[in-house]
Amino acid sequence: MEAEQKGNNLLNTPANLSEIARELLSSETIKRKCKDLGLQYADAQPLIEEYATAVRADELPYMRKSVVEDAMRDEKPIDRFLLPGLYQFILDTKKDLVDAPNFRTLMTLSDLRTPSEWFPQARAMKRKIIMHVGPTNSGKTYSALKCFEKAETGAYAGPLRLLAHDVYEKLNNNGASCNLLTGEERRESDNVYKWSCTVEMTPLNRNLDIAVIDEIQMISDEQRGWAWTNALLGACAKEVHLCGEATAVPLVKRICALMGEEVTVHTYNRLTPLHIEVKGNGSSFSNIQPGDCVVTFSRKNIFAIRKKIEGFATMKAAVIYGSLPPETRAEQAKLFNDPNNNHRILVASDAIGMGLNLNIRRIVFETVSKFNGKRTVPLTVSQIKQIAGRAGRFKTQYPIGTVSTLHNGDMAAVRRALGVENPPPLPSAGIHPSLEQIQSLADELPNETFAGLLDQFEQLSRLDGDFFLCNLHQQKDIANLIQSIELSLSDRYTLVNAPASADEGILSEAFVRFATCVSTGEECNLKDYVTLPHAPAQSSELLKVLEAHHKVILLYLWLSYRFPSIFSDSDTASHLKRVCEDLINSSLDKLHDPRVKQKVDSGKSWGKKQFEKRKTVNINEWPSFLEKKKNKLLHKLEERESMT
Ligand SMILES: Nc1ncnc2c1ncn2[C@@H]1O[C@H](COP(=O)(O)OP(=O)(O)OP(=O)(O)O)[C@@H](O)[C@H]1O
């Protein structure tokens with residue numbers, strides 16, 4: 001199915017713009033949609049050609065040539081991508097041809113060309129927009145946070161729970177009281193009017209002195225960009241400070257111009273020098289030294305590289321990757337940063353790019369390409385800069401950063417990327433359907449499933465060139481997963497936007513059960529769904545299971561704030577979260593044990609086999625499963641002893 005999907009994407013993605021008319025004319029989706037509109041295909045063909053010509057000539061404000069080229073580079077199925085623009089084109093040029101009765105209503109409902117009007121409270125204010133832009137380690141966030149600290153009321157919005165916690169703790173330690181607001185956790189005190197939040201949780205309805213929106217370049221993120229767009233458009237603050245890459249400046253200026261707001265830009269330079277080595281490390285880990293961070297992009301590679309490095313060095317290596325809970329990442333960062341600890345080396349993915357203070361002497365890229373979900377592609381200039389920039393942090397043990405690669409042949413790509421002065425500006429900002437928009441669509445299309453409504457929304461939505469509709473794949477997958485469960489539209493909307501994915505076994509199983517509790521209104525006890533083992537995981541596969549349990553616990557906590565009477569046991573959930581994090585930490589430590597590593601790598605470990613079987617075992621059965629396994633091993637030992 002997945003292969004088929006990939007195949008289709010490639011088939012529907014032309015190599016260059018001159019081929020789009022041909023692609024549109026041969027598209028089954030376009031043929032079907034013309035029929036839905038009551039358009040004879042013979043009438044539609046010349047229109048499609050005219051539309052393709054207008055796109056190529058960059059004449060359509062709602063379908064800019066640069067945005068189409070970006071979509072082609074990302075291998076998006078171009079017929080579906082161009083469809084909303086085609087609707088608009090037909091409506092503008094030949095509306096008499098269209099006779100589908102509810103087409104016009106649907107088009108009005110999915111008119112997303114003026115997102116700034118969605119936030120009237122913010123539009124009624126006179127806001128100052130101040131951008132702090134510069135490379136990693138240039139002190140831009142530091143400056144914005146100083147203003148936040150001094151303000152009476154305000155919000156900091158960051159991309160990660162870890163960052164929100166960091167700012168919350170820093171401010172409270174400095175005597176500037178601050179609340180914490182993330183999807184999974186709220187710590188609020190009376191008479192405290194400053195919030196440190198994850199960006200999705202930014203309090204948009206409060207009048208504030210200041211809002212700091214961190215990592216503003218994420219406004220173009222395919223999945224989460226909408227949260228930055230909403231924060232930028234909707235923050236009711238007298239001063240809105242935006243920190244991030246300079247690539248965001250033109251887009252932010254265009255969006256602010258729509259609102260009649262001026263933007264002041266402060267540019268920062270790196271606070272510490274960044275030295276690029278002359279050649280790579282000859283494909284060998286023998287030269288890895290204290291303070292080095294080896295960067296690679298798969299979890300499997302991270303563990304394999306750690307094993308190799310520990311084979312050469314007497315030191316241990318800490319590890320950081322995306323699916324580790326942020327708390328564990330912070331714990332591993334602490335081990336690495338502590339000069340008195342033996343974890344003097346770090347093996348990490350690009351998860352180090354944001355949110356962690358790391359005392360890195362040298363970044364060593366093990367590879368300069370990364371799998372993008374479809375295929376392996378070279379790292380972008382921005383990715384290389386962001387990762388390399390983590391070396392050499394101001395006022396730390398290593399004030400001069402160094403960058404290198406494992407393989408000599410990769411040095412040229414790194415040198416080239418770091419030499420790019422002005423990477424291409426961001427093309428557009430993400431947006432996301434609101435509950436009200438989906439509700440109106442559902443009123444028009446009462447027989448449509450929720451995933452079908454999202455599909456319709458994607459196909460009908462009309463945007464201008466500065467905005468794009470964020471990827472709704474994850475939401476559609478969850479919507480399909482829970483389609484058979486009876487739920488109100490607003491509960492379904494909440495659930496599909498939960499921070500979870502439908503393709504992770506343990507998590508999706510728990511998701512269905514949680515959604516069932518929402519449907520029946522029955523109280524949900526987390527202990528019925530998560531039973532943690534008593535001992536750390538002994539293989540990286542079992543560690544993965546623990547990571548999945550951590551996600552289930554986080555999902556419960558997230559739901560406990562949306563459906564408090566159903567997911568009411570947040571104390572137990574918080575307790576289990578800590579236990580799970582401790583287990584993950586000690587598992588990472590256990591995996592240093594050479595005996596265990598050997599077993600894992602030969603693929604014959606006790607842990608791996610157990611995991612294979614565990615795929616069909618309910619998580620509640622883990623302890624008894626372990627017990628059975630232990631008895632079996634004891635029995636084998638007894639047998640062996642009796643033979644000798
Ligand atoms: N004026 C300053 N005085 C003391 N420390 C500073 C100052 N400016 C920056 N720093 C410290 O330097 C480090 C980098 O600053 P900051 O996090 O603001 O950089 P940044 O440009 O936002 O980079 P990143 O994207 O990596 O967060 C931080 O540890 C910060 O506390």
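Let me start with the record. UniProt, in an unreviewed entry, places the feature "domain: Helicase ATP-binding" at residues 121–266. Keep in mind that this is a predicted model. Over residues 121–266, the chain is 32% helix and 27% strand.

Now the overall layout. The protein is divided into domain 1 (2–100), domain 2 (116–267), domain 3 (274–419) and domain 4 (472–567 + 594–643).

Domain 2 touches domain 4. Five residues of domain 2 are in contact there with six residues of domain 4. What is the domain 2 side made of: nonpolar, polar or charged residues? Three are charged, two are polar, and no residue on that side is nonpolar.

On to the ligand. Where does its shell sit? Domain 2 and domain 3 both give residues to the shell, so the shell lies between them. There are 14 residues around the ligand. Those that come nearest are S138, G139, T141, Y142 and F394. Which helix gives the most to this shell? That is α9, residues 140–150, with three residues. By type, the shell has seven polar residues, four nonpolar and three charged.

Last, a helix pair. Helix α15 covers residues 381–388, and helix α16 covers residues 411–419. They pack at an angle of about 95 degrees, with their axes 9 Å apart. That angle makes α15 roughly perpendicular to α16. Which residues meet? From α15, we have V381, I384, K385 and A388. From α16, we have V414, A417 and L418. This contact divides into six nonpolar residues, one charged and no polar.

That's the tour. Happy to take questions.

How values were computed
Residues are numbered from 1 along each chain as its sequence is written. This is a predicted model: local features need pLDDT of at least 70, side-chain atom pairs count only at pLDDT 80 or more; totals for chains, interfaces and linings use all residues. Axes are lines fitted to C-alpha atoms, for helices over the stretch in contact, and angles run from 0 to 180 degrees between N-to-C directions. Helices (H or I, at least four residues) and strands (E, at least two) are DSSP runs, numbered from the N terminus. Angles under 35 degrees count as roughly parallel, over 145 as roughly antiparallel, 65 to 115 as roughly perpendicular and the rest as oblique. Two residues are in contact if their C-beta atoms, placed from the backbone, lie within 7 Å. Ala, Val, Leu, Ile, Met, Phe, Trp, Tyr, Cys and Pro count as nonpolar, Asp, Glu, Lys and Arg as charged, and the others, Gly among them, as polar. A residue is near a molecule or strand if its C-beta atom, placed from the backbone, lies within 6 Å of it. Domain bounds come from an automatic or database domain assignment. UniProt positions are given in the numbering used here, feature names are shortened, and annotations may be inferred rather than shown by experiment.
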